[in-house]
Amino acid sequence: MSDRFETAFSKGPALVCFITGGDGDTATNLDALVEGGADVIELGMPFTDPMADGPAIQEANLRSLGKGTRTDDIFRYAAEFRQRHPQIPLVLMGYANPMTIRGPEWFAEECAKAGVDGVICVDIPPEEDAALGPALRDAGVSLIRLATPTTDAARLPAVLEGSSGFLYYVSVAGITGMQQAAQGSIEEAVAKLKAASDIPVAVGFGVRTPEQASSIAKVADGVVVGSALVDLVKQHGDKAAGPLKELTSALAEAVHSAR
Amino acid sequence: MTAQPPVNSLRSLPDSTGHFGTFGGRYVAETLMPLILDLEKEYRRAKEDPSFQEEFDDLLKNFVGRPSPLYYAPRMTEHFREAAPKGKGPKIYFKREDLNHTGAHKINNCIGQILLAIRMGKTRIIAETGAGQHGVATATVCARFGIPCVIYMGSTDVARQQPNVFRMKLLGAEVVPVESGAKTLKDAMNEALRDWVANVHDTFYIIGTAAGPHPYPELVRDFQSVIGTETRAQMLEAEGRLPDMLLACVGGGSNAIGMFHPFLDDPEVAMVGVEAAGHGIETGQHAASLTGGKPGILHGNKTYLLQDEDGQITEAHSISAGLDYPGLGPEHSWLHENGRVRYVPITDDQALEAFQQCCALEGIIPALESAHALAALPQLTTEMDEDKILVVNVSGRGDKDIFTVAEALGVEL
């Protein structure tokens, strides 16, 4: 397993940036995120039925698929990114069906070949781990699980079992890009998660501004921003790199100087 | 009540993790997992609670109007006997789910689920609907129990099913048109899941078919099994024996699994499920997930789905809005692979012909969904001896479909 996650989270709070693969000029946009100061990249795999996503990322999925994006393209973006950026951790995020349709082993091997460090699958909870988890672990790719406000103490060990890289705390019960959770509830939740585990805890869902990112970075190991970046791709189309770099720089500065 | 199934029974699934062989399961976001586990616990408790069964039975009898009749269809029987080779052409019965309150089998499941919602202390109901039948049934039980409800419906379906939209509104439901995707049933289900994940604390999701994450396929099947259980008793009374074949349409497959499940361990009873072949399997414009799809994961379960080689879900097509979905319940995928049930495709045109034939020969306007089941009769009846008995599940009535049928036949109303 790569030590890229360890390096990325060892320097203090990390900024995790998400965009949907195939929406806009993906390679250039990924470079802009890195240039802006992103510490970890999440590349969304488009799916026809993104039922955990709000309007911003739903539309990004459909724009990408509308342009004919295939799973092969996503792995090509990943492999090329890895060549250009040997040190930045890269995570694929998406839904179970595109990840498992050719068999979990196929997917895990392609991830390893492309230099993907971790995978977030929205709709495979610990109870269905067999559908993807063992194949990823065998291939040395981290399975990054989600914990939510509804994940109680009794469930948490099951969520942590077999997960690595970092733990993604979904700060609101809801879909991506809508409302942000109260700072107090985030602090409490992160404290509980950190008490239960050694892996870094990144917090996401509803984080849009440097101010929000800064408050979260005071208590968490990472801050995830997605919909706000995806909105810029929608707004600027193939010329989104500049605005993406600008927002990422502001977010990165807020996160990196939070503590 | 039926006896405990034997050890090698086909009726003992799902297993403790919600799987039917490799199908089923709980493929949901982490936010929903704790709620799904609670629902399963509460359902187990309800099953053991005689007062739950009593209330369910009482509502089915006095509110829904059960038992629904098992009707001998004399002119259909004669018609197919004349068309069949000599000595062929079975006796045809209809299970009349079309005579239920709200006009279809959907209400059976809604009664069961709203009683569960009340047990769990939930104060808000959501549901998805395609043709609007499940939406109407959900709005009906919500009105009956005074619980607010929101129905998600693709905006394409809202436009083509205006009478049902108005019915839901009359019953007090809020109908939310869904603008994403192809704006049909699949998209309505996505939107309902999005609502649920944001409102887990007070909201119960009444899923309309025997699909979705465990325990939904099991509990919907159990609530719908009243269809097969009644059929069994009624057939024993009418003919003194079990039927030789059961026939039902399969969209998500709740009417079919409700009819089939109580008979799965009776090897002498053959079963045929009818999938919607739309314009024909070869055109790609169909809703036949078993004939034209392959296993995958969507909406909380692993089952046969219409999809491309990347696992992107493809749009279904059927003239029947209730069958217009790119997947089906996981137990059907399992029954297909183990061969216990035979699944056959029927096109829009075949269903339209059967729709008219049933009106003319029996004085019954069937739902377009049920017309798909009826459309398998020409083929199935030529293979069966005339002393055999075949039961068709007429899952709903067709009043809602007359505009669609008129348009398809080029008739201006």
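In chain A, helix α3(A) passes helix α11(A) in a left-handed crossing, meaning that the near helix is turned anticlockwise from the far one by less than a right angle. The model is predicted: local features need pLDDT of at least 70 and side-chain atom pairs count only at pLDDT 80 or more, while totals for chains, interfaces and linings use all residues. Residues are numbered from 1 along each chain as its sequence is written, with chains lettered from A and ligands numbered from 1 in the order in which they are written.

| α3(A) | A:A56, A:I57, A:E59 and A:A60 |
| α11(A) | A:S227, A:V230, A:D231, A:V233 and A:K234 |

Five of these residues are nonpolar, one is polar and three are charged. Here Ala, Val, Leu, Ile, Met, Phe, Trp, Tyr, Cys and Pro count as nonpolar, Asp, Glu, Lys and Arg as charged, and the others, Gly among them, as polar.

Helix α3 spans residues 55-66 of chain A and helix α11 residues 227-236; they pack at an angle of about 50 degrees, with their axes 9 Å apart.

Chain B is divided into domain 1 (26-62 + 106-220) and domain 2 (65-103 + 225-408), with bounds from an automatic or database domain assignment. Their centres, taken over C-alpha atoms, are separated by 23 Å. Domain 1 of chain B gives 32 residues to the contact and domain 2 of chain B gives 30.

Technical notes
Axes are lines fitted to C-alpha atoms, for helices over the stretch in contact, and angles run from 0 to 180 degrees between N-to-C directions. Helices (H or I, at least four residues) and strands (E, at least two) are DSSP runs, numbered from the N terminus. Two residues are in contact if their C-beta atoms, placed from the backbone, lie within 7 Å.
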